[in-house]
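Hi,

Here is the structure I promised to send over. Have a look at it first, and then read on for what turned up.

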Amino acid sequence: MNLVNLEAVSLAYGPNVLLDGVSLGVTAGERIGVVGRNGGGKTSLISVISGALKPDAGRVTHTRGTRIAVLTQHDDLDPATAVQDLVLTDRAEHEWAGQARVREIVGALLGGVDLTAAVGTLSGGERRRAALARLLIDEHDLIVLDEPTNHLDIEAIAWLAAHLTQLKSALLVVTHDRWFLDAVTVRTWEVVDGQVQRYEGGYAAYVLAKAERARQAASAEERRQNLMRKELAWLRRGPPARTSKPKFRIEAAQALIANEPPVREKVELVKFATARLGRTVYDLEDVTLKAGDTTILDHCTWHFGPGDRIGLIGVNGSGKTTLLRLLGGTIPPAAGRLVTGKTVRLAYLSQELAELDPSRRVLESVEEIRRVIRVGKRDWTASQMLERLGFRGEAQWKMVGDLSGGERRRLQLLRRLMDDPNVLMLDEPTNDLDIETLTELEDMLDGWPGTLIVVSHDRYFLERVTDVCVALLGDRRLSMLPGGVDEYLERRAAAAERAEPPGPRVVAEAAPAVPASGLSGKDEREARKELARIERRLGKISAREGELHAALAAGADDYERLIALDGELKELLGERDSLEAEWLELAERLGD
């Protein structure tokens, strides 16, 4: 049953058409991720669906009695209200404390927050958690979330993903966090050119489907240059969690990346980085680092070498930004010595937007730093680099003063890169960047030879651009994490168990747990037999599809034959879509 239906909906702001005759529906229990470029209409689409925004044309209908909850990017919380009154409304303490579900939500999202404090005294991250807690405590038929992971640390994001997958509510979520999309959603909508393209599966399946379309439409060399194929190569070579896709798609994925080179030529990049930097980049020698009365590092010795690609992880307030400021020379250590290499040329992207001359144009602002830069084995002009980061055509001639916060962030990042640094420190670089811009940034960083230190709560970005993870775990030292983010979450969970703090105990999971199938032995055997039958049929369909494409190409001058072949192909694709949906339903029942 559809909770919400859109029929021929159109919406425009001036000459910018965001939705053009869009018809779709949201089904009960469906979990949908919405992706697309910044300014492409994602937020407008979910606002129309939730009823917060009226379309210019078309009809939006809600099933009677549908309960919809919305989390926007910017909250409207009353600063004078106490946190407990905001989140728990009129629930008495003995009432909510006796409900395991409510205790879990409060413990996970507000464990370190004084519930009697006024909302106005909270930080941005704490306000976000409070808004999420208020939404999740009540029951809803449809939950609409716009960038829910903003201001959340890795542990909170993991908990939120696990919690949402256990709910019976339908979910519509806009986010640039690709790990979160893969962990939570079962369908992906891409808002592009006024239309909504629909794909089965989370982000990984969406990338694969996009790559398949590109493979059929482009020549061999164009396919090789396609960024979606490089992204797919990462997905297939990355951690096991990235590869949990239907079996019938694996062969297609392998064929797409057969000739794709490695994401990074590590040996060559390290060799080049060493030539540019020498042996010393940053050496911490018995360093003690403090932020106010808090000791972040206590007599710590650590070496940051040429070509290192390091992801720095820790909870909010653990001292990550303070450590970057120490390495950047902004603050001195309380004790010990920081040795900086003589050839270090640092570019530091902080969370704050740098001052940009509002009277200059975007292209001029970049060209004043450098007109041409070498990335990998190719020279790029300032204009070409701007295009890669989303400033296309006339956007390069906009005044800096007219840019949005996200556009200023991109411009600031590009100015740092154009300065040709050999050490790059990025503090939450993914803020306000859409997925397309993120993939371009990752592609640029793949060929960048130097030392890279990244602070980010975006797990996908960390795993994509760094080679090792280092954590601040609150024990006043730096800890190497060979197992990456998953090991970090395991260590944090183990530490929480040992500490046994008062109140509800909440363990953040690296990914949602897969429920047991709940089928009897006979039913499970029958389901697996049906699964095998579907896979065999899908294999035959895939082979026949290839034959039909070849026949269509060979018979381009035979109109009647083309019509017949096209009709057969459409029937085949319809059968494939039906079988894939059936396969996914069976796999979900079996817990595969």
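In which helix is Thr-322 found? Thr-322 lies in helix H13, which covers residues 320-327. Before going further, please keep in mind that this is a predicted model.

Staying with Thr-322 for a moment: its relative accessible area is 14%, so it is buried. Leaving out residues up to four places away in sequence, Thr-322 touches Leu-289, Lys-290, Ala-291, Ile-296 and Ile-331.

Now for the sheet in that area. Three strands make an open sheet, with the order S11-S10-S13 and antiparallel pairing. The edges are taken by strand S11 (294-304) and strand S13 (335-340); each has a single partner strand, so one side of each has no neighbour in the sheet. On average, neighbouring strands here are turned by 30 degrees against each other, ignoring direction. Helix H13 packs on this sheet and touches S10, S11 and S13. The direction of H13 makes about 130 degrees with that of S10. Strand S10 (residues 282-291) is joined to S13 by five bridges, and the two run antiparallel. If you want a pair to click on, Thr-288 has Ala-335 in S13 as its bridge partner.

Next, strand S17. How many of the five residues of S17 are buried? Five of the five are, so S17 is largely enclosed by the rest of the structure. As a reminder, side chains in a regular strand alternate between the two faces of the sheet. In S17 both faces are covered: Val-423, Met-425 and Asp-427 are buried on one side, and Leu-424 and Leu-426 are buried on the other.

S17 also has parallel partners. With strand S14 (residues 346-349) it pairs in the parallel sense over four bridges, and Leu-346 has Val-423 of S17 as its bridge partner. With strand S18 (residues 451-455), S17 pairs in the parallel sense over five bridges; there, the bridge partner of Leu-426 is Val-454 in S18.

Most residues other than glycine have a negative phi. Glu-428, however, has a positive phi near 50 degrees and is not a glycine. You will find Glu-428 in the loop between strand S17 (423-427) and helix H17 (435-446). Its relative accessibility is 8%, so Glu-428 counts as buried.

The other one is Arg-476, also not a glycine, with a positive phi of about 65 degrees. Arg-476 is in the loop between strand S19 (468-472) and strand S20 (478-481). Buried or partly exposed? At 43% relative accessibility, Arg-476 counts as partly exposed.

Last, a helix pair. Packed helices are described by the angle and the distance between their axes. For helix H5 (residues 124-137) and helix H6 (residues 154-166), the axes come within 13 Å and cross at roughly 15 degrees. That angle makes H5 roughly parallel to H6, and H5 passes H6 in a left-handed crossing. On the H5 side the contact is made by Arg-129, Leu-132 and Leu-136, and on the H6 side by Ala-156, Trp-159, Leu-160, His-163 and Leu-164. Sorted by type, the residues of this contact are six nonpolar, one polar and one charged.

Cheers

How values were computed: Residues are numbered from 1 along each chain as its sequence is written. This is a predicted model: local features need pLDDT of at least 70, side-chain atom pairs count only at pLDDT 80 or more; totals for chains, interfaces and linings use all residues. Side-chain values use heavy atoms; hydrogens and water are left out. Axes are lines fitted to C-alpha atoms, for helices over the stretch in contact, and angles run from 0 to 180 degrees between N-to-C directions. Angles under 35 degrees count as roughly parallel, over 145 as roughly antiparallel, 65 to 115 as roughly perpendicular and the rest as oblique. A crossing is left-handed if the near helix is turned anticlockwise from the far one by less than a right angle, and right-handed if clockwise. Contact means heavy atoms within 4.5 Å. Ala, Val, Leu, Ile, Met, Phe, Trp, Tyr, Cys and Pro count as nonpolar, Asp, Glu, Lys and Arg as charged, and the others, Gly among them, as polar. Buried means under 20% relative accessible area, exposed over 50%, partly exposed in between (1.4 Å probe, protein chains only). Two strands pair if DSSP finds at least two bridges between them.
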